[in-house]
Amino acid sequence: MKKNKKRLSIIALIIVLLLIAIGVANNKNIGVETEGQTWTGKKNTQVKKESESIAIPGFESMTFIKKEKKQAVNLYNPEINTCYFKLSIILPNGEKIWESKLIEPGKGIYDIELTKEITEGQYENTILKYECFSMNKEQTQLNGSEVKFVLKVI
């Protein structure tokens, strides 16, 4: 029941983001600092794929290596989206340990550098924060989402 409630919340958020995105013109990238490379990894099956919505990937867990700032990830902005993503990883205590630049649709990030080394353990309710921005010159901030996951540091 809790999983269905979470799913319904994500679907409602996607619909709201879609309505906002529809009203925003899609201009070319002029002077926008973005990052990411063409995403070639296996797409997450939890992504709601509809051409009329903003797809927000969900993750059950991520695994990091203890006492290392550089970590391997598989984070992306699905190619069906019409907005930039800015992603952040926030520990359960509220501390932000990583933040991306803007990520274009169809681009992914495979390597990140954390702001600090993380000690071994399991961090329940870590947040992957999605901030969405229009793809025009103004880069208007749209609604976002926060997806909770388990961060496993081994």
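Buried is used here for a relative accessible area under 20%, exposed for over 50% and partly exposed for values in between, computed with a 1.4 Å probe on protein chains only. The model is predicted, so that local features need pLDDT of at least 70 and side-chain atom pairs count only at pLDDT 80 or more, whereas totals for chains, interfaces and linings use all residues. Residues are numbered from 1 along each chain as its sequence is written, and side-chain values use heavy atoms, with hydrogens and water left out.

View A. S100 lies in the loop between β6 (96–99) and β7 (102–103), strands being DSSP runs of E with at least two residues, numbered from the N terminus. Apart from neighbours within four places in sequence, S100 is in contact with E35, F85, K86, L87 and I109, where contact means heavy atoms within 4.5 Å.

**View B. The aromatic pair of F85 and Y130.** Rings of Phe, Tyr and Trp (its six-membered ring) pair if their centres lie within 6.5 Å, with planes under 30 degrees apart counted as stacked, over 60 as edge-to-face and the rest as tilted. By this rule there is 1 aromatic pair. F85 and Y130 are edge-to-face, at 5.2 Å centre to centre and 70° between the planes. The pair links F85 in strand β5 (residues 83–90) with Y130 in strand β9 (residues 121–134), 45 residues apart. F85 is buried at 0% relative accessibility, and Y130 is buried at 1%.

View C. The whole structure has 0 disulfides, a disulfide being a pair of cysteine sulfur atoms within 2.5 Å.

Terms used. Helix = DSSP H or I, 4+ residues; strand = E, 2+ residues; numbered from the N terminus.
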